[in-house]
Number of protein chains: 2
Amino acid sequence: MSESNARQRGRPRSFDEETALDELTALFWQKGYTQTSVADLVEASGVPKPSLYRIFGSKEELFASILRRYMATRMDMISTLVAHAGPGVDGIHTFLSLMRDDVVSGTSQNGCLLVAASAELHGSTPGFDDFGSAYRGALRERIYTLVERAGGADNDIDQRADLMLTWFMGLDVTTRGAGDEAEIDRAIDAMHATVDTWR
Amino acid sequence: MSESNARQRGRPRSFDEETALDELTALFWQKGYTQTSVADLVEASGVPKPSLYRIFGSKEELFASILRRYMATRMDMISTLVAHAGPGVDGIHTFLSLMRDDVVSGTSQNGCLLVAASAELHGSTPGFDDFGSAYRGALRERIYTLVERAGGADNDIDQRADLMLTWFMGLDVTTRGAGDEAEIDRAIDAMHATVDTWR
DNA sequence: CCTATTCGATACCGATCGGTTATAAATGTC
DNA sequence: GACATTTATAACCGATCGGTATCGAATAGG
């Protein structure tokens, strides 16, 4: 509570922190963690280098902050999609259509940042593996509620959620990997067809 | 034909090229392309640095050679799995079981190198995106023949192959992302359940 | 034994890496 | 207007990056 508007004395910042975080996120998203240099970050965000380190500590801590922030907004977005999807098998179809919009022409044209980051940093930079499994866990919860509202036996619901979760990560890979629109549509249509058998 | 045994004059090499390639592949596979330095490669493979550059040209060309080599062996392996799987829906179940062995205790515990590489280098290092789409294309051919032998309408076969392809990439992500054995089993069991509906 | 040839060991290169250290420029407070 | 405080500018740091050049060691052909 006492934190907001607490910045009064001293020279004002030349950048907006949220805007800068958006641009930092976009750059990491495009090029990956390792391939993005601090000089790149400074140039793209307009945040001076000493300020970057004063605020975030290091490149690694900055990336961790960005991943946390991204995780929160992405989970909010997926929760919203699930909420808008409605109940029943039709709700899943609606959800898939909404996801298609985001993947084809929305913000997720480079796949999921968390998937890319955990895949890139696994085995070389410890402390980032947790992001990947946390993402899969949070994503599964939302997919589960979506699938649950379509009915079926408990065991079926679990397995359908697991299938859709794994499929979802595969769609991320396809999206990032320069997959053209037709390839993405084939992947999504295939899921549509499978969902149809859940009626 | 005239190429084999052509290396005669000059000081003999202190390393076996195929063995070295295996170790270079393993290192790139673990740490990713960017996070692996040439010094790491030299240390892990035993190939002196000048020899690395004399034979492969550059780090980037070396990685391209390794990806081509990996692609060939991986496709051979998957073709073998498909061949051993046999016809019918049961063949797909067998295929999934064989895949599980490779993912859990085989050579693919870090996921697919091509998936990781194209995801890492996309957007930063041009010329590697093709590997990803080529991999998905070649993989889809093999999955298609597997699914085709289980029967069904042409349209169904196409969509089932697309589903299984996307699922497959998702399994790669799960495998690489420090997914424990139980999580991998859930992903595979979910596919088993879906395949059961194809009878 | 001499030469051509191929490779290994070592040192080296400029560039870039992530990160820091002045010092000056703005602000609010009094 | 003096002062404390926060930020921006710019130069700078050692380390490491990918890549190369030099030179000696090891082989085959003659």
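Helices, here runs of H or I of at least four residues, and strands, runs of E of at least two, are taken from DSSP and numbered from the N terminus. The model is predicted, and for that reason local features need pLDDT of at least 70 and side-chain atom pairs count only at pLDDT 80 or more, while totals for chains, interfaces and linings use all residues. Residues are numbered from 1 along each chain as its sequence is written, chains are lettered from A and ligands numbered from 1 in the order in which they are written, and side-chain values use heavy atoms, with hydrogens and water left out.

The C-alpha trace of chain A spans about 60 × 40 × 30 Å along its principal axes. Of its 199 residues, 51% are buried, a term that stands for under 20% relative accessible area, with exposed meaning over 50% and partly exposed in between (1.4 Å probe, protein chains only). Chain A exposes about 9,200 Å², of which carbon and sulfur atoms supply 49%; accessible areas come from the Shrake-Rupley method with a 1.4 Å probe, and for residues only the protein chains shown count as cover. Among the contacts in chain A with a separation of 6 or more, 68% join residues 24 or more positions apart, where contact means heavy atoms within 4.5 Å.

In soluble globular proteins, nonpolar side chains tend to be buried together. A nonpolar core is here a set of buried Ala, Val, Leu, Ile, Met, Phe, Trp, Tyr and Cys residues joined through side-chain atoms within 4.5 Å. The largest such core has 128 residues, and the members that touch the most others are Phe95(A), Tyr135(A), Met164(A), Phe95(B), Tyr135(B) and Met164(B). Beyond its neighbours within four places in sequence, Phe95(A) is in contact with Ile78(A), Leu81(A), Val82(A), Ala85(A), Leu146(A), Met164(A) and Phe168(A).

Leu52(B) lies in helix H3 (residues 49–56) and counts as buried because its relative accessible area is 5%. Residues up to four places away in sequence aside, Leu52(B) touches Leu24(B), Val38(B), Leu41(B), Val42(B), Val47(B), Gly57(B) and Leu62(B); Val38(B) is 14 residues from Leu52(B) along the chain, and their C-alpha atoms are separated by 9.0 Å. Phe15(B), in the segment before H1 of chain B, counts as buried because its relative accessibility is 15%. With residues up to four places away again left out, Phe15(B) touches Ala20(B), Val47(B), Pro48(B), Ser51(B) and Ile55(B). Pro48(B) is 33 residues from Phe15(B) in sequence, with 9.2 Å between their C-alpha atoms.

Grid points are joined across faces, edges and corners, and a volume is the space filled by probe spheres set on the points.

The largest pocket has a volume of about 360 Å³. Among its 16 lining residues, Thr25(B), Trp29(B), Tyr70(B), Thr73(B) and Thr107(B) lie nearest its centre. Helix H1 (17–31) and helix H4 (59–85) of chain B each supply at least two lining residues, and H4(B) gives the largest share, six residues. The lining has five nonpolar, eight polar and three charged residues, where Ala, Val, Leu, Ile, Met, Phe, Trp, Tyr, Cys and Pro count as nonpolar, Asp, Glu, Lys and Arg as charged, and the others, Gly among them, as polar.

There are six cavities of 30 Å³ or more. The largest cavity holds about 160 Å³, and of its 19 lining residues Ala119(A), Val173(A), Val115(B), Ala119(B) and Val173(B) lie nearest the centre. Helices H6 (113–121) and H8 (154–176) of chain A and of chain B each supply at least two residues of this lining.

Definitions and conventions
On a 1 Å grid over the protein atoms alone, a cavity is a set of points where a 1.4 Å probe fits but cannot get out, and a pocket is an open set with protein on both sides within 12 Å along at least five of seven lines; lining residues have an atom within 4 Å of a point.
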